[in-house]
Amino acid sequence: MSLTTLRLGPEDISQGASILRRGGLLGIPTETVYGLGADGRNPRAVEAIFAAKGRPQDNPLILHIPGADWLERYCGHIPPQAYALAERFWPGPLTIILKRRPCVPDVVTAGLDTVGMRCPDHPVTRAVIAAAGTPVAAPSGNTSGRPSPTCAAHMLEDMDGKIDGILDGGPCTVGVESTIIDLTAQPPRLLRPGGVSLEALEEVLGPVEVDGAVRRLLAHGEAPRAPGMKYRHYAPQAPVTVVRGAPAAAAAYIRQHCAPGEGVLCFREFTQDYPGCTVRDLGPAGDKAEQARRVFAALRSFDAAPVARIWAQCPDEGELGLAVSNRLNKAAGFHIVEL
Ligand code: TXA
Ligand code: MG
């Protein structure tokens, strides 16, 4: 770990790769969110990820690889569905859970017999993985519990001085993390909604079961399939209340209930409706891709503006809306008003 974090540009691939090869920590841009990368074959390097993030030890990491031809190195019993998904969605925002091979360090999988595999769609990160010649273990580059970083500056807010370098690849084009699909379950199970929609997955796989932790708070003692789903997540300091319903009705409800000085995260059509409040634009009500790109930066921005409480509008669950509403609901600890 280093006290000064090197700012690297897209031309500095070989410097980034050498940080990885010598067991250092490197911020990497992906199409979803920035990641906190280390050599996935080096247990010491991977341990340092947990320390820098303050991440619980029982929360496994995913391995980033350059293509499906690396799956066999780290996974066993690979079903044909894995290759069908890779063919359709890789490189791209999809993580596939498969049986691990023994060569994957325990610290990566938190001792599970499965491992998450992802091929990211960002030229800088694909180049640095290829140059390092190693799978890159990387969680999102935020301090544990905070909103994920969607640009290099947001990652540095959390990680400056705790990592060796960061490759700046510009703002993330998807903005929410990868979809996680568990192919070791029958039927396949959606553990986290993300940049690839449930509808698109089902075109390839047929019916997919949505894990309970996606839409609700787990009951006390209930074990989540994705260990990360049990933790409070994506949350600004102030408590968040999500108001679900038709956009105009939700906007009216928030107008009636919010007090001056409180925070409001609303669709673009309603940003003028809350004078005296700290208002953030979630994007147009009809543009879920834009909402996905904006949601983490908006949540993060409330920590710089002291608000006692935050009200949030939320899209319906179709297509990318499932991922956006999951992040908002988790930020709210599933404190949701249904209209
Ligand atoms: O888009 C992304 O996936 C980003 C970028 C950097 O690639 N990465 C990311 O990693 O979001 P992270 O660690 O923040 O989230 C990974 C989630 C966690 O909830 C973890 O518990 C779950 O994936 N996970 C990892 N390995 C797993 C496994 N073998 N079985 C079940 N869940 C797993
Ligand atoms: Mg994360």
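Predicted model: local features only at pLDDT ≥ 70, side-chain atom pairs only at ≥ 80, totals over all residues.

Biologist: Which residues make the contact between H4 and H8?

Modeller: H4 (residues 80-89) contributes Gln 81, Ala 84, Leu 85, Arg 88 and Phe 89. From H8 (198-205) come Ala 200, Leu 201, Glu 203, Val 204 and Leu 205.

Biologist: Which residues of H4 are buried, and how do you know that they line one face of the helix?

Modeller: The buried residues of H4 are Ala 82, Leu 85, Ala 86 and Phe 89. Viewed down the axis of H4, they fall within an arc of 100°, so they line one face of the helix. An α-helix has 3.6 residues a turn, so residues three or four places apart point the same way.

Biologist: What does the buried side of H4 pack against, and what lies on the face turned away from it?

Modeller: The buried residues pack against strand S6 (94-100), strand S10 (179-182) and helix H8. The face turned away carries Pro 80 and Glu 87, which are called exposed because their relative accessible area is over 50%.

Biologist: What makes S6 mostly covered?

Modeller: Six of the seven residues of S6 are buried, each with under 20% relative accessible area.

Biologist: How do you know that S6 pairs with strand S5 (residues 75-76)?

Modeller: Pairing requires at least two bridges. Two bridges join S5 to S6, so the strands count as a pair. They run antiparallel, and Cys 75 stands opposite Arg 100 in S6. S6 is also joined to S10 by four bridges, in parallel, with Thr 95 opposite Ile 180. With strand S7 (residues 114-118), S6 pairs in the antiparallel sense over five bridges; there the bridge partner of Ile 96 is Met 117.

Biologist: Let us turn to another pair of helices. Why are H10 and H11 called roughly parallel?

Modeller: Helix H10 (residues 288-301) and H11 pack at an angle of about 20°, with their axes 9 Å apart. Angles under 35 degrees count as roughly parallel, and H10 and H11 are therefore described in that way. Their crossing is left-handed. Among the residues that meet are Val 295 and Phe 296 in H10, and Val 324 and Leu 328 in H11.

Biologist: What makes H11 mostly covered?

Modeller: In H11, 11 of its 11 residues are buried, including Arg 327 and Lys 330. Just after H11, Gly 333 takes a positive phi of about 60°.

Biologist: What is the strand order of the open sheet, and why are S15 and S17 called its edge strands?

Modeller: Its five strands have the order S15-S14-S16-S13-S17, with parallel pairing. Strand S15 (278-281) and strand S17 (336-338) each pair on one side only. The twist averages 20° from one strand to the next.

Biologist: Which helices lie on this sheet?

Modeller: Helix H9 (residues 247-257) lies across S13, S14, S16 and S17, at about 170° to S16. Helix H11 (residues 321-331) touches S13, S14, S16 and S17, and its direction makes about 140° with that of S13.

Methods. Residues numbered from 1 in each chain as written. Chains lettered and ligands numbered in written order. Heavy atoms only, no water. Axes fitted to C-alpha atoms, helices over the stretch in contact; angles between N-to-C directions. Contact = heavy atoms within 4.5 Å. Buried < 20%, exposed > 50% of the residue type's maximum accessible area, 1.4 Å probe, protein only. Arc of directions from axis to C-beta. Parallel < 35°, antiparallel > 145°, perpendicular 65-115°, else oblique. Left-handed = near helix turned anticlockwise from the far one by under 90°.
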